[in-house]
Amino acid sequence: MYQVQNCMKKYFILLIHILCVLSVFALNYFDYFTDERLRIEYYLTGNAKQTIFSISKLYKEPIWSGNRKNLVDTFFYGHYRVEVFDSTEKKLIYASGFCTLFQEWQLTPEAKDTYRTFLQFINIPFPKKTIRVVFYERDKNLKYNERISFYVRPNQPDIIKESPNKLPIVKYIKQGNYSEKIDIAIVAEGYTANQMNKFVNDATRLTEALFEKEPFKEMKSYFNVYFVQSPSQEEGTDIPHRNVWKKTAVESRFYTFATDRYLSIYDYNILGQILNNVPYDQIIVLVNTKTYGGGGIYNFYSIAISDNLFANYVFIHEFGHAFAGLGDEYENADEFNENFYNLLVEPWEANITTLVDFNKKWKHMLDKTTPVPTPVKGYENKIGVFEGAGYKSKGIYRPYVSCIMRDFQKPEFCPVCQNIIRQIIRFNTAN
Ligand SMILES: [Zn+2]
């Protein structure tokens, strides 16, 4: 009897699951959303232990360029998740995962006894009816906790509807309609008005380097790429540890969290304004500098450099973080990220594992004879489980000896990273 009941229960849960999945797929975009985009600007405030979300401004912008078939993310990547519910039917109508710089700052020594505030923004499709927006944050066991929930009425007067920017945009690759393609906006940073030819040349070179790598090469037709010619007053970027300061379009700077090579931006309001008329699903800020560095934050933006020997690889590596949520497959830690991963739980990044729940990862891609963990010798060009990844030499494993998410020795995405990227591309271009 117990077994029968248990079995019935399982079927019932399965049935509910199937119904939920079906209802997600049955969503008709235009039942809930317009062609436009809602940019939600908010603050993250806190310290090492506390996170407070507070809403700042809402903007109505011309174009929602995201996919209109797959509205609810099923990957569950990212430290945070935003969910949008129809307020009358209580139905989940949109969801997406993402990361922020704030979560990385929370791991710095400074965050132990200091509060800081970071400005952020996120885009969702513009609603036709009142919606409830919920932000979740993961705890150290990766469980989602609700942090803020608020209603947005499409006709509320305080939604800002400023006239769109008129910055010149080069449509470098235009494969089709923005709703069916992945749209990448490359934003000029540290290029003066007289240097826009250089920007277009640099952005062209780097875009071509990205589309030389698999799987982007074979799936180039799934992308549009736009170059946004945002001029800066001065050339270059801030390099605080050399006391170099420049007035630039989105105020980028090196030395994030006291790490020389960590390049980032802090005032995302300006970035949002620059892009308010651009269809984009991914932002790449391209910085006019010879200095080595970069950064990539899942489903937020990546930032790369123009003129360094490794500029092409940095551009591709950081895009791997921002587009596919790929984790770093290298071992060496900076002070702020040495405890980035809890070794007692399986990280959400699909290309690294603690072996706590390897079934969820690339186990299905391993040869049956490959040992776990895998020695490097004899398995140099095979998928395995190699110790050393996620800023740790012990306890975290990567799928390949070399990958562009680890080093630039063999600058390709490994087969596991390629597989993850293909899944994300297909999900975001379904029609
Ligand atoms: Zn990889």
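Is Asn-243 buried or exposed in this structure? Asn-243 is exposed, because 7 other C-beta atoms lie within 10 Å.

The model is predicted: local features need pLDDT of at least 70, side-chain atom pairs count only at pLDDT 80 or more, and totals for chains, interfaces and linings use all residues. Residues are numbered from 1 along each chain as its sequence is written.

Helices (H or I, at least four residues) and strands (E, at least two) are DSSP runs, numbered from the N terminus. Two strands pair if DSSP finds at least two bridges between them. Strands of a sheet pair through backbone hydrogen bonds, either parallel or antiparallel.

Six strands make an open sheet with mixed pairing, in the order β8-β10-β9-β13-β15-β14. At its edges stand β8 (169-173) and β14, and each has a single partner strand, so one side of each is left without a neighbour in the sheet. From one strand to the next, the twist averages 20 degrees. Helix α6 packs on this sheet and touches β13, β14 and β15; the direction of α6 makes about 175 degrees with that of β15. Such angles run from 0 to 180 degrees between N-to-C directions, and axes are lines fitted to C-alpha atoms, for helices over the stretch in contact.

Strand β15 (residues 301-305) is mostly covered, with five of its five residues buried. In a regular strand the side chains alternate between the two faces of the sheet. In β15, Tyr-301, Ile-303 and Ile-305 point one way, while Ser-302 and Ala-304 point the other way, and all are buried.

On one pairing, β15 joins strand β13 (residues 282-287) in the parallel sense over four bridges. Within this pair, Ile-284 stands opposite Ser-302, and Leu-286 stands opposite Ala-304. In another pairing, strand β14 (residues 295-297) and β15 are antiparallel, over three bridges. Here Gly-296 has Ser-302 as its bridge partner in β15. Three residues lie between β14 and β15 in a hairpin, and Asn-299 in the turn has a positive phi of about 55 degrees.

**The four-strand sheet**

A further open sheet has four strands in the order β4-β3-β6-β7, with antiparallel pairing. Its edge strands are β4 (92-98) and β7 (144-152), each pairing on one side only. Neighbouring strands of this sheet are turned by 15 degrees against each other on average, direction ignored. Strand β3 (residues 80-86) and strand β6 (residues 131-138) run antiparallel and are joined by seven bridges.

**Helices α4 and α6**

Two packed helices are described by the angle between their axes and the distance between the axes. For helix α4 (residues 196-210) and helix α6 (residues 311-324), the axes come within 9 Å and cross at roughly 60 degrees. The two helices, α4 and α6, are therefore oblique to each other. Angles under 35 degrees count as roughly parallel, over 145 as roughly antiparallel, 65 to 115 as roughly perpendicular and the rest as oblique. The crossing of α4 past α6 is right-handed, meaning that the near helix is turned clockwise from the far one by less than a right angle.

Leu-206, Ala-209 and Leu-210 in α4 meet Ala-311, Asn-312, Phe-315, Ile-316 and Phe-319 in α6. Residues are in contact if their C-beta atoms, placed from the backbone, lie within 7 Å. By class, the contact of α4 with α6 has seven nonpolar, one polar and no charged residues. Ala, Val, Leu, Ile, Met, Phe, Trp, Tyr, Cys and Pro count as nonpolar, Asp, Glu, Lys and Arg as charged, and the others, Gly among them, as polar.

**Backbone details in the loops**

Most residues other than glycine have a negative phi, and most peptide bonds are trans.

| Cis peptide bond | Omega |
|---|---|
| Glu-214 to Pro-215 | about 5 degrees |
| Val-372 to Pro-373 | near -10 degrees |

Pro-215 is in the loop between α4 and β10 (223-228), and Pro-373 is in the loop between α6 and β16 (386-389).

Asn-243 has a positive phi, near 55 degrees, and lies in the loop between β10 and β11 (252-253). Ala-258 also has a positive phi, near 60 degrees. Its place is the loop between β11 and β12 (264-265). Ala-258 is partly exposed, because 14 other C-beta atoms lie within 10 Å.

Conventions: Contact = placed C-beta atoms within 7 Å. Buried ≥ 20, exposed ≤ 12 C-beta atoms within 10 Å, placed from the backbone.
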